[in-house]
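Welcome! Take a moment to look over the sequence and the model below before reading on.

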Amino acid sequence: MDEEYDVIVLGTGLKECILSGLLSVDGLKVLHMDRNDYYGGESSSLNLTQLWKRFRGSDTPQENLGAIREYNVDMIPKFIMANGTLVQTLIHTDVTKYLNFKAVDGSFVYKKGKIYKVPATDVEALKSPLMGLFEKRRARKFFIYVQDYDEKDPKSHEGLDLSKVTAREIISKYGLEDDTIDFIGHALALHNDDDYLDQPAIDFVKRIKLYAESLARFQGGSPYIYPLYGLGELPQAFARLSAVYGGTYMLNKPECKVEFDSSGKAVGVTSAGETAKCKKVVCDPSYLSDKVKKVGKVTRAVCIMSHPIPDTNDAHSVQIILPQKQLGRKSDMYLFCCSYAHNVAPKGKYIAFVSAEAETDNPEEELKPGIELLGPVDEIFYHSYDTYVPTNKQEEDNCFISGTYDATTHFESTVADVLEMYTKITGKKALHLALAHHLQAAALLVVVEVVVVVNFIIVINRSHRESRSSPRPRSTASQSPSFHTERSSPRPSNHSSPPKTERSNPRTASYTPSPQTARHDNHSSGSSSKDHGFFSRRPSSSSDDDHDFFPRRRRSSSDDEGMSSGFIETIKDAIKSYRTSKEDDPVAAAEVANSSGSIACVTQAKAFQDCLDEYETDISKCQTLMDMWCKCKKSSKPTT
């Protein structure tokens, strides 16, 4: 331990592990320590024995709750936005090889004592009682403005400077009702309170665009995905990333004390009589309590149930947002539910969380409106924790302290804190700079999207042929294939790395595992395969146009119908080869096209690559060019 490091990270919470991974990838020498003997810190996942010991002081849970080791109960329950910053981070660092993901069934919002599905298709939007018919027309005009808005294109601004105009002013332009504003601001933009209304509208618009992009990403019932076996997998995955790139891990290190020199700068960390020197220290608030201040408190109820939440169409995983006005509170309340479908509980069991920023000292009474929506519960645990923010000046003491996790049920604020810290530590703009110079992640996304489309078409065509030859009742089970397989990665033998958590169930369940290929397991969504996206870009018909808030071009099956899986594998190999190159090749697109067996499509491939160069990771801008390339490949004969 008596060595010198660039950075010493204290605590193995999700924020600290992401930073450790990113810094190790950057080539910094990182030492990661934790006073606990397990990974995850406050963002860990507990089995039933650990849960009982933490909240009941006993390690003997009731037998009727099922197998103890099949529980993975998150202490910081949050879903992941499918097109959000965390997914970009996972793809950029290639951490997806350590994780399996699955789409969340639905997102709901509370209104006047009842819960309603946030529409995910035009059919759901048409039937939704959240708005009246005329209000839906007004809302659609607002959504079209949001979708078309482009910071770089003044024509899309319609004379409004969103850096100066407030959200309240832009909403009033479209004459939306108070209930609609409540729905958009809290269920779509995911604001925690109404303070956003008097702030510049640019963040409000970007949040809605993110929701729309995430919803369209996998075309499920919600914009969220969630890892199998719980969120405790995320810190371990980033810890493995750090170990692969030379990071050193030390658990169960008591009394980690940060050492300072005479000028007040951090110079090392001492534990058990040993001191490791460093240039910078990264930690959670518990390690430097004299450099943080309390700003609030989060209260949470953890509930074990034997049924899904009522009125959610028997969804196995849902989010329910209770806006502040509906409860007479100063901030929103959140319900988070997952189940055995995500391998976090035994068969037939559900785990629900009710979270809010504490406004009283009575969590049972404060969380009652959310708990009443759950129905009967088998067991319930209450806990609260204080929230802190750093007060130190990082440039003066070289200490970088993360903020405490908030009550929201998504990771956007968490990752924003991480990337801000990364920028302060390294002087780089986190992923934005890296992705601008390295198109590997973008290329990988394109390949996976093509793989998903082609395999989906293969399944649909096979089902269509079988139904024509021998008609049979339509199954309600999801038939979407799984494309991702776990890969192993060499790990330096001289560095410790997080162990795989022992599982009672093997990870061979037919769940789509990675963010690139996550699918919607249709437990609850009543929409058929004919429904087009609620957040889409082209109306499918005049009758649907009034309710299709985000029209988009639908992919035609004829675009890709003739493509074979062999061709897809060839493209994947070509892109993989391209990703390993150390510098951008101006004719990379032509090489990819040639490697796939056709010279005739070089022009389309080059145009598609130029589009990726311009728009970086925004693949939607290049959809038409990708379709043209695929169509060319389908009709061209391979070169021998």
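Predicted model: local features only at pLDDT ≥ 70, side-chain atom pairs only at ≥ 80, totals over all residues.

Residues are numbered from 1 along each chain as its sequence is written, and side-chain values use heavy atoms, with hydrogens and water left out.

**A buried helix**

Let us begin with α7, which spans residues 178–188. Helices here are DSSP runs of H or I with at least four residues, strands are runs of E with at least two, and both are numbered from the N terminus. Of the 11 residues of α7, 9 are buried, so this helix is largely enclosed by the rest of the structure. Buried means under 20% relative accessible area, exposed means over 50%, and partly exposed lies in between (1.4 Å probe, protein chains only). Among the buried residues of α7 are T180, F183 and H186. The buried residues of α7 pack against several elements, including β7 (106–111), α5 (133–148) and α8 (201–218). Just after α7, L190 takes a positive phi of about 60°.

**A residue in α5**

Helix α5 holds E135. Is E135 buried or exposed? E135 counts as buried, because its relative accessibility is 2%. Its side chain is joined to that of R138 by a polar contact of 2.6 Å. A polar contact is a pair of N or O atoms within 3.5 Å; within protein, one must be able to donate a hydrogen and the other to accept it, and residues adjacent in sequence count only if both atoms are side-chain atoms. Leaving aside residues up to four places away in sequence, E135 touches G175, L176, E177 and T180, where contact means heavy atoms within 4.5 Å.

**Two helix pairs**

Two packed helices are described by the angle between their axes and the distance between the axes. Axes are lines fitted to C-alpha atoms, for helices over the stretch in contact, and angles run from 0 to 180 degrees between N-to-C directions.

| Helix pair | Angle | Axis distance |
|---|---|---|
| α3 and α14 | about 55° | 8 Å |
| α5 and α8 | about 90° | 9 Å |

The helices α5 and α8 are therefore roughly perpendicular to each other (65 to 115 degrees). On the α5 side, the contact is made by F142, F143, V146 and Q147, and on the α8 side by F204, V205, I208 and K209.

The helices α3 and α14 are therefore oblique to each other; oblique covers the angles left over once those under 35 degrees (roughly parallel), over 145 (roughly antiparallel) and 65 to 115 (roughly perpendicular) are set aside. Here T85, L86 and T89 in α3 meet E412, V415 and L419 in α14.
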